[in-house]
Amino acid sequence: MPTAAVDLWWREGEGAVLSDGIWVQAFSKVPNGLIVNLRGAHQPELTADRKTVRSVDDDWLRTLIHKAIPDLVRSSPPLLTPQWLRRFSRKEPLLANEIIERACRTGAPWLMNGHPVPVSRTGLFPPDEILMPLVTGEYPDDARIAPEPYAIVRTLPERILRWRLLALYDTGLGDPVSAVARSGAATTHALPSDMTLLSETGGPDLFDWQLSERDTRRAEHRPSATFADIAPLLIRIFRWRTARSEVDSDEVFSRLLDNTQSAGDIAGRFKALGYQPPWLGQAAAAGRDDRNLLRPIGRGNGWLPPGAKLPLAQIAYSAAGTGRPVAEVAARLSNLGWGVPAKSASLPTVTDDDALWLISHLWDWHVVKVPFEAAHQLSTAQVAMASFRARLPIGRAQEILREQGFELLSTLDTSHEFDEVDAALLGHRVPGLHIGAPVSQRYLATAAQCTGRDTREIAGRLDAFGFALPRDLPEPSRLSPEDMEFVMTNERRLPLSAAGLVRLARAAGTSPRSMAERCVRVGWNIGVDPAVLEELSDEDGELTYLADIRRRVPQEHLYVAARCTGSSIDHIADTLKRWSLGTPSVSEEFRRDLEAEEVLTDTLAGGRTGAPTPASKWQGRAVSLAAIACAAARARKTFREAALTATRIGLGHEAEDWFG
């Protein structure tokens, strides 16, 4: 479809590029749903075969898209659909916001599950596709959907589920809701970028939130599901941000993904969605280009607390991390409301690459979080490690760090020159040396054998560098040359997960059990029962990386895996524990909610005709919106029918007065 932007056309398919009118392979940054002709001043750089575009002027392309938005919104027949905009949003969520806002102002409709709906009533929120049948009662054929597809509704936080259900009822497609329900509904429509705001991590590419048939096909009807059955499900389940209503400044700064959006814009959107945004002060003006300025010194992740007084070392660190002059960095942080030391004006700007590397990587080898308030104080071991890795003499490194506002807790011998033994230790040729953790006996023994030196000499060197040593020195290691090479190559992977063990076994062409025996022989604690590794068949090799699920698995995700496999939620939790993936827990409150869901599902499906026995069991019990929605979907009923049935059998819930 041609547009007023001349060199841009909207289309249904993937993004495409013309170079002065000649079709070339699309550049990865071009969004789906358009064709752009790059010519004149914007003629692209092509590969040697002149078939592929190397780069596109992003700012110019966004300006072009912005100009063409009115043509898209008023297209006839309509090109704009939720599916089209979802694909476009992957690369341009904020431009997709503009499209939604334009459609809302003009009163444009689009089709949702075959029904014309004003865009202003819903906006774009991908989960609406699976929630719509709860409103209309029009469920797709089983053949068209994945096994137990509506289990994923359980993962939606209650406030989001409430918001979307009431928005969909507001379209008029389902039964009317009461004035009480309408008064409690959020007044804002959904924007494509809301999925980013409401996700756990705030990442940009978050629109594949729904489990596909491919994700669930393997797990279907596996009551004794193994980890290989479960992992593909758990790794793909969308992680929503915590249900708490308060939003902290870290969440705001982490979502600065585009220069057209400020921290204040993000906080304002959180507020529109019903959350309590943090106080940002002048930091509300921060944009994406400020992100690297706002990273705090220290090992912990996160962002500078708004309005905090900054140590001189923070100014130096922000300047080194961005490559910007110190005066410019200090001025920008001051303008954003942070307390900048007066001495910043006299802080020399570092331009030497090795010195910049030194300042930027001071905490790379820490195994514990270093509080922001104490991070300007550097330990002896920290300075020694960073000096060597930055290829700077100890004296020069200490001089630079003092000039940049860091406090050295003790001073290293400036006459010491790093030699080959130091290189093996500080350069991690013998892996396993970290800041903030005592040196292990195993490390001393391995380092002694690797360098051909006595363990006492190794201990003496590390002591001089400020590392904490064990009370008793070990005997020298007696590993074979092959095992020594194995240790030196792989110890940096410790602690070794089950998946890491399987990967090592496959790389060596041996079984997981044999690899486990070798790891034990060289002194590693593998932390997993080798017997569980035998659950994987040869064709499951590509699944082993999925075992690196480091984060806590929410109980709602355990529920999804249980529903999709037909196994129990306890079986899923036990399987993860056996794979050393934490200790997933299921609260008693959640178990009671699941029990209520089962009763409600059975009643809706005709298995019960009256109140459960004993009736008093349910009196006063509140059941979640998610339980009602899941029960309705499992019985292929509307949410309204499920809510009214829940009330009839004695289950209290929030939607009791939604339908009169």
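The lining of the largest cavity has 7 nonpolar, 3 polar and 3 charged residues, where Ala, Val, Leu, Ile, Met, Phe, Trp, Tyr, Cys and Pro count as nonpolar, Asp, Glu, Lys and Arg as charged, and the others, Gly among them, as polar. What you're looking at is a predicted model, so local features need pLDDT of at least 70 and side-chain atom pairs count only at pLDDT 80 or more, while totals for chains, interfaces and linings use all residues. Residues are numbered from 1 along each chain as its sequence is written, and side-chain values use heavy atoms, with hydrogens and water left out.

**Cavities**

- The structure holds 2 cavities of 30 Å³ or more; a cavity here is a set of points, on a 1 Å grid over the protein atoms alone, where a 1.4 Å probe fits but cannot get out.
- The largest cavity has about 90 Å³ of space in it, a volume being the space filled by probe spheres set on the points, with grid points joined across faces, edges and corners.
- Its lining takes in 13 residues, and those nearest the centre are Pro82, Arg86, Met112, Asp128 and Glu129; lining residues have an atom within 4 Å of a point.
- Helix H2 (82-89), strand E5 (109-112) and helix H5 (128-136) each give the lining of the largest cavity at least two residues; helices (H or I, at least four residues) and strands (E, at least two) are DSSP runs, numbered from the N terminus.

**Salt bridges**

- You'll find 30 salt bridges in the structure, each one a side-chain nitrogen of Lys or Arg within 4 Å of a carboxyl oxygen of Asp or Glu.
- Arg453 and Glu457 join up in one of them, at 2.7 Å from N to O.
- Arg453 is partly exposed at 35% relative accessibility, and Glu457 is partly exposed too at 31%; buried means under 20% relative accessible area, exposed over 50%, and partly exposed in between (1.4 Å probe, protein chains only).
- Asp483 meets Arg518 in a salt bridge, 2.9 Å from N to O.
- Arg518 sits in helix H23 (residues 512-521) and Asp483 in helix H21 (residues 481-490), so this pair ties together parts that are 35 residues apart in sequence.
- Asp483 is buried, with a relative accessible area of 7%.
- Asp483 also forms a salt bridge with Arg521, whose closest N and O atoms are 3.1 Å apart.
- With Asp483 in helix H21 and Arg521 in helix H23, that pair ties together parts 38 residues apart in sequence.
- Elsewhere, salt bridges that share partners link Arg154, Arg563, Asp593, Glu597, Glu598 and Arg634 into one network.

**Helix H25**

- Helix H25 (residues 555-565) is mostly covered, with 9 of its 11 residues buried.
- Among those buried residues are His557, Leu558, Tyr559 and Cys564.

**A four-stranded sheet**

- An open sheet of 4 strands runs in the order E1-E4-E2-E3, with mixed pairing; two strands pair if DSSP finds at least two bridges between them.
- Strand E1 (8-10) and strand E3 (22-24) are the edge strands, each pairing on one side only.
- From one strand to the next, the twist averages 25°, using axes that are lines fitted to C-alpha atoms, for helices over the stretch in contact, and angles that run from 0 to 180 degrees between N-to-C directions.
- Strands E2 (residues 16-19) and E4 (residues 34-38) run parallel and are joined by 4 bridges.
- Ala16 has Ile35 in E4 as its bridge partner.

Key
On a 1 Å grid over the protein atoms alone, a cavity is a set of points where a 1.4 Å probe fits but cannot get out, and a pocket is an open set with protein on both sides within 12 Å along at least five of seven lines; lining residues have an atom within 4 Å of a point.
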